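Take a walk through this fold, one contact at a time. Keep the model open as you read.

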Amino acid sequence: MELEKVTVSYGKGETATQALAEVSLRAGEGDFIALVGPSGCGKSTILKLVGDLLKATSGNVFVAGREVGAQDVRIGMAFQNPTLLPWLTIRDNVMLPLKIVQPFRADWRQKRKTEYRDRAEALLAKVGLKDFGSKFPWQLSGGMQQRASLCRALIHDPNLLLLDEPFGALDQFTREELWGILQTLWIDTKPTVLLVTHDLRESAFLANRIVVMSARPGRILVDEPVAFARPRTIDTTYEPGFTNLTHKLRTLIVEARGAAGAT
Ligand SMILES: Nc1ncnc2c1ncn2[C@@H]1O[C@H](COP(=O)(O)OP(=O)(O)OP(=O)(O)O)[C@@H](O)[C@H]1O
């Protein structure tokens, strides 16, 4: 996935908001990139560009070597709110991408009660929801719904995973538990991941690159490699290298916020 000198403005004329200054960013296959930066700096805008939900004002966006949208790429998405459909069971929510996305869609009728169902149950078991497939979203806690939402994002073996503060609404302990689960799922299938987060520990736990953005209009200030051995554990987050890194990131973001305030 590549952004080449991309800018984005929302709206036109005097009321236009420039969300992104010129941004260039490249992710290789299997990269796990965390996007961090001050509120409103354009992190979600980058996800929308890559997910083909938004067109760049100028510049180019490429996914799988082609202009975004030109090539069928399996994309998984998860957001801060789990957005599960309330009238479907957890299992049916998780299977939804298989009903919509090719090549799975072609076999939906034939496999939805056998192979696809087994696939959903296997994923649910991996995230600790073994016996919850037949429940409805309202019967699960927020953390459990977010686990299900991760399963839905991954059920169709996406090549690209777009995560917008997926754990933002959860308590610290559930959040840390889900970091471990997401890491395991990522190690299993190695999709390319773009994760937007405000949690610097989360970015350093999960990512192999952390991209720090300036305040709006967002541009890239730093592209920081994260080399801690995997699988990382919560103990990793108390090592000096880890705390140094999150401290450095924090300083960069505080400076970026300060610079924006000064202009
Ligand atoms: N549809 C829209 N119309 C007008 N302005 C928008 C629109 N979407 C986003 N913006 C503005 O563009 C800027 C970037 O928004 P974006 O959501 O990408 O930022 P963000 O870094 O993800 O923010 P946060 O960290 O607060 O979630 C913000 O100033 C926002 O108000």
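How do the axes of helix α2 and helix α5 cross, and within what distance do they come? The axes of α2 (residues 90-100) and α5 (residues 142-154) come within 6 Å and cross at roughly 30°. That makes α2 roughly parallel to α5, a term for angles under 35 degrees, while over 145 counts as roughly antiparallel, 65 to 115 as roughly perpendicular and the rest as oblique. Axes here are lines fitted to C-alpha atoms, for helices over the stretch in contact, and angles run from 0 to 180 degrees between N-to-C directions. Helices (H or I, at least four residues) and strands (E, at least two) are DSSP runs, numbered from the N terminus.

The model is predicted: local features need pLDDT of at least 70, side-chain atom pairs count only at pLDDT 80 or more, and totals for chains, interfaces and linings use all residues. Residues are numbered from 1 along each chain as its sequence is written.

On the α2 side, Ile90, Asn93, Val94, Leu96 and Pro97 make the contact with α5. Ala148, Cys151 and Arg152 answer from α5. Contact means C-beta atoms, placed from the backbone, within 7 Å. The residues of this contact divide into six nonpolar, one polar and one charged. Nonpolar covers Ala, Val, Leu, Ile, Met, Phe, Trp, Tyr, Cys and Pro; charged covers Asp, Glu, Lys and Arg; the others, Gly among them, are polar.

Helix α2 also meets α4 (residues 115-126). Their axes come within 9 Å and cross at roughly 120°. The two helices are therefore oblique to each other. From α2 come Arg91, Val94, Met95 and Leu98. From α4 come Tyr116, Arg117, Ala120, Glu121, Leu123 and Leu124. This contact of α2 with α4 has seven nonpolar, no polar and three charged residues.

Now the sheet. Four strands form an open sheet in the order β2-β1-β4-β5, with antiparallel pairing. Strands pair if DSSP finds at least two bridges between them. β2 and β5 (66-67) stand at the edges with a single partner strand each, so one side of each lacks a neighbour in the sheet. Two bridges join β4 (residues 58-63) to β5. Val63 has Arg66 of β5 as its bridge partner. Helix α1 packs on the sheet and touches β1 (2-10), β2 and β4. Its direction makes about 115° with that of β1.

Last, the ligand. Its shell holds 13 residues, the closest being Tyr10, Ala19, Ser39, Ser44 and Thr45; a residue counts if its C-beta atom, placed from the backbone, lies within 6 Å. β2 (17-26) and α1 (43-50) each supply at least two shell residues. α1 gives the most, with three.

How values were computed. Contact = placed C-beta atoms within 7 Å.
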